[in-house]
Every structure is written in structure tokens, then in C-alpha cells.
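Please open the structure in a viewer and keep the selection panel at hand.

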Amino acid sequence: MSSFPSPLSPAWQPDDHKPEWNNWRWQAANRLTTPEELAGFVSQSGIKQLKKVIERYPWGSTPYFLSLINRQNPRDPVAAQVIPSKKELDFSIPGSDEDPLAETRHMPVPGLIHRYHDRALVITTGACFSYCRHCNRKRNWKRGIGPLGKSAISKICQYLKATPRIREVILSGGDPLTLPLEKLDRLLYALSSISHVQVLRIGTRAPVVLPMRITAELASLLKSYRPLWVNTHFNHPAEITDESAAACDRLLLAGIPLSNHTVLLKGVNDDFSTLHRLFTGLNRIMVRPYYLFHCDAAKGTDHFRTSVFKGIEIMSRLYGRTGGLCLPQYVVDLPSGGGKAPVMPSYLLGVENGVAIFRTSEGRIIKYQGVHGATEEEE
Ligand code: SF4
């Protein structure tokens with residue numbers, strides 16, 4: 001453990017730790033993980049109640065990410081994502097599943113999920129810098145899945161080589177950026193050596209929960225494997241800080257395009273103003289909002305799920321207020337491996353006597369003759 005005052009202390013400030021604060025290894029080594037270390041965030045009686053939760057779904061986060069919590073705010077959006085809640089053990093709502101996307105069923109070899117025609121996803125490790133309470137893979141936290149070993153990588157590569165339709169490989173986890181650089185390098189090398197794998201993608205929450213992890217050395221390694229995309233996971237505008245923006249910039253300057261997926265989370269970001277600030281904030285730091293995911297029906301996350309209609313209503317308002325580069329696609333990842341279903345606000349109300357009738361995002365009704373006419377001529 002650290003020889004520095006811990007974030008348990010009310011007097012604790014990020015500045016207390018400089019220069020170590022900006023060292024990602026220090027941050028990773030000083031992650032808070034024990035029930036006692038929740039003391040700065042919940043009451044003593046609360047900690048007692050949470051012990052059972054943590055037994056099933058461990059907790060852990062970096063001093064940096066925890067420093068974003070406003071402890072005076074009982075509904076702090078960062079705390080809601082990272083501090084365990086007894087609601088995680090309320091399984092009274094039917095329909096949720098340990099493995100809501102049937103990933104285990106779609107593993108042709110251990111560590112590789114193949115659910116889509118031309119893409120496959122590698123579970124590189126089970127480790128994360130910070131455990132998101134809404135994670136749809138929280139079933140894996142207790143299993144302590146280590147980084148992929150040589151033989152597992154070799155089997156994954158054999159499968160990929162034998163499946164030429166796979167053109168993109170996504171490195172996920174856990175968080176691939178928890179891997180030591182040499183391991184990450186070996187894995188990227190093995191995957192990029194497969195002739196039909198055209199593009200690599202890394203899904204990571206490191207720029208949000210441990211932005212110091214994006215070192216010049218890491219950015220330079222990723223640069224050598226372009227075309228490579230990095231997909232981040234910002235859920236709330238409070239996560240866009242000088243540090244996270246600088247981390248994204250280091251990747252961008254290395255020629256790595258950045259996209260982001262957000263999960264729609266009840267009580268965290270399920271309102272227009274929050275998502276508007278988030279998506280325009282991401283646009284400002286040159287991270288393209290890519291997906292807004294409806295929160296999957298993963299066991300232990302029921303309290304985060306809002307209705308699809310609420311998501312549609314928010315997206316509808318966003319369409320009216322901001323441009324395409326700030327607008328992600330809202331999708332529901334269907335259970336049983338059904339894949340992603342885009343859920344769009346509907347603007348085409350119908351067609352009457354050859355005239356298409358649209359509703360604008362402000363609610364005006366506009367008739368458009370040309371759309372249907374052109375189609376008729378083509379037929
Ligand atoms: S970083 Fe990703 S894999 Fe890790 S807990 Fe968060 S959502 Fe889950």
C-alpha cells in the first residue's frame with residue numbers, strides 16, 4: 001500500500017501526491033479495493049452492507065478517478081458508476097442474465113468472441129483499472145481472468161487465420177491497456193500479421209479512469225500498428241477533464257482516431273442536458289461519439305436501466321440541437337447474441353398520395369413530394 005495519505009482522509013487532495021499523482025504506475029499500485037477503503041465515500045454502516053456486494057462483485061478504482069467524485073453530492077454521477085451499491089444484489093426484476101449477450105456461447109476458442117460476420121473480439125484480460133458497476137461482463141470479475149498466455153493467443157490466431165471473413169479484431173477485456181507493453185506489443189503483432197485482418201480496435205476506459213496510462217511510449221506503440229482505432233468509454237461530462245483531454249490528444253497526435261461508446265445509465269446520464277454536454281464535450285476534444293448503448297440486462301445492473309422510450313426521447317431532442325458529429329447511434333444490444341439494433345427517433349410518419357410526410361425534430365409537419373416521386377420513376 002501507499003505510504004501517502006489515502007483518499008479516506010477528508011483532507012486528502014490530489015495535490016498531496018504530486019509528482020507521483022501523474023505517474024500511472026503509482027495510480028495503479030494505489031488503487032482502492034478493500035471495503036475499508038470505501039470509508040471516504042460511504043458510512044460505516046453502509047460499508048457493512050456492501051461487504052456482501054463486494055464479495056460477489058469486487059470493487060476497485062484509481063485515486064485519480066475517485067478524485068472526480070464530489071463527496072457533498074449524494075447523487076454524484078462518478079460515484080454512482082464506481083462505488084458499489086446494495087442494489088446490485090437486488091435480483092427481483094426478471095429478465096437479467098449473467099451473460100446477457102450470450103458471449104460464452106459465441107466463443108469458438110477460449111478468449112475469442114465471434115458474434116458478427118466480419119469482426120471478432122478478443123478478451124485480452126479480466127483486469128480493469130476501475131470496475132464500472134454497470135459493466136455487462138461483471139460476471140468475470142471474480143474469476144480473475146489473467147492476461148492471455150502464449151498458447152491461448154496461438155489458438156485465437158489459428159481460428160482467425162482459418163476464418164478469412166474476419167477483417168477487424170477488437171481487443172477488449174477487461175481493459176487491454178492494463179497489459180504490460182511487451183505483452184500488448186506481442187498480441188498486436190500476432191493479430192496484425194494475419195493477412196486478412198485489416199483493422200485493429202482497442203476498447204479501453206483508461207483515458208477516463210487513468211489518463212496517465214496514455215504515455216508517449218504507449219501512443220508510439222499503437223502508432224506502429226495503424227490502422228488501429230481506440231474506442232473510449234466516457235459516460236458523463238464530469239469525466240472530461242484536462243487530464244483525460246490530454247490523454248486523448250496524445251493518441252490523436254500519434255494518428256490514432258478516437259471514438260466513444262456511452263452507456264445510458266439511469267441517474268447518471270439519462271437526461272438531455274447531461275448527454276448534450278457529454279457529446280459536445282467529446283466533440284471538442286476530438287473524440288467521435290459512436291454508440292449510445294442501452295444498458296444491457298446484465299445481472300447486478302438492473303438499477304441502471306431506464307426505458308428505451310426515454311433514450312429515444314433524449315436522442316430526438318439531441319437531433320434538434322446539435323450536429324451529426326456530436327450524435328452517436330443509439331443501439332440496443334439484443335439478448336441471446338441477437339446483435340445491435342439501432343433505435344432511431346422516427347421522422348418519416350408515412351406516405352399519402354405519393355407525398356412523404358415528415359415530422360421535424362421541433363415537431364413541425366412537412367410534406368415532401370420529391371422523395372416518393374423519385375422512387376416511383378426508378379421503378
Ligand atoms: S472498463 Fe469496461 S470491462 Fe472494465 S469494468 Fe468498466 S465496462 Fe467493464
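The stops below cover the sheet, the salt bridges, some backbone features and a patch of surface charge. The model is predicted, and residue numbers count from 1 along each chain as its sequence is written.

**The sheet**

Begin by displaying the strands from β1 to β9. They form an open sheet of nine strands, in the order β1-β2-β3-β4-β5-β6-β7-β8-β9, and the pairing is mixed. At the edges are β1 (112–113) and β9 (339–342); each has a single partner strand, so one side of each has no neighbour in the sheet.

Next, select residues 168–172 and 199–203. The former are strand β3, which pairs with β4 in the parallel sense over four bridges. Within this pairing, L171 is the residue opposite I202 of β4. Is strand β4 largely enclosed or largely open? Four of its five residues are buried, so β4 is largely enclosed by the rest of the structure.

Then move to residues 288–294 and 329–334, which are strands β7 and β8. Their pairing is also parallel, and runs over three bridges.

**The salt bridges**

Now show the charged side chains. The whole structure contains 13 salt bridges, and the following selections visit some of them.

Select E98 and R56. Their side chains meet in a salt bridge, with an N to O distance of 2.6 Å. Since R56 belongs to helix α2 (residues 44–56) and E98 to the loop between α4 and β1, the pair ties together parts that are 42 residues apart in sequence. E98 is partly exposed, at 30% relative accessible area; R56 is also partly exposed, at 32%.

Continue with E103 and R137. Their closest N and O atoms are 2.8 Å apart, and the two residues form a salt bridge. This pair links distant parts of the chain, as E103 is in the loop between α4 and β1 and R137 is in the loop between β2 (119–123) and α5 (150–161), 34 residues apart. Are these two residues buried or exposed? E103 has 5% relative accessibility and therefore counts as buried. R137 is buried as well, with a relative accessible area of 10%.

Together, D99, E103, R137 and R139 are linked in a network of salt bridges.

**Backbone features**

Remain in the loop between α4 and β1 and select A102, which is found there. The phi angle of A102 is near 50°, a positive value in a residue other than glycine. A102 is buried, its relative accessible area being 7%.

N353 is exposed, with a relative accessible area of 79%.

Select G173 and G174: the bond from G173 to G174 is cis, with omega near 10°. G174 is located in the loop between β3 and α6 (181–192). Then select R226 and P227, where the peptide bond is again cis and omega is near 5°. P227 is placed in the loop between α8 (216–223) and β5 (228–232).

**The surface patch**

For the last stop, switch to a surface view and select R75, K86, K87 and K266. Which kind of charge does the patch formed by these residues carry? R75, K86, K87 and K266 form a positive surface patch. Of its members, R75 can be located in the loop between α3 (63–66) and α4 (77–82). R75 has a relative accessibility of 71% and so counts as exposed.

Terms used: This is a predicted model: local features need pLDDT of at least 70, side-chain atom pairs count only at pLDDT 80 or more; totals for chains, interfaces and linings use all residues. Side-chain values use heavy atoms; hydrogens and water are left out. Patches are made of residues with over 30% relative accessible area and no salt bridge: like charges are joined within 9 Å, nonpolar side chains (Val, Leu, Ile, Met, Phe, Trp, Tyr) within 5 Å. Accessible areas come from the Shrake-Rupley method with a 1.4 Å probe; for residues, only the protein chains shown count as cover. A salt bridge is a side-chain nitrogen of Lys or Arg within 4 Å of a carboxyl oxygen of Asp or Glu. Lys and Arg count as positive and Asp and Glu as negative; His and the chain ends are not counted. The place of a charge is taken as NZ of Lys, CZ of Arg, CG of Asp or CD of Glu. Helices (H or I, at least four residues) and strands (E, at least two) are DSSP runs, numbered from the N terminus. Buried means under 20% relative accessible area, exposed over 50%, partly exposed in between (1.4 Å probe, protein chains only). Two strands pair if DSSP finds at least two bridges between them.
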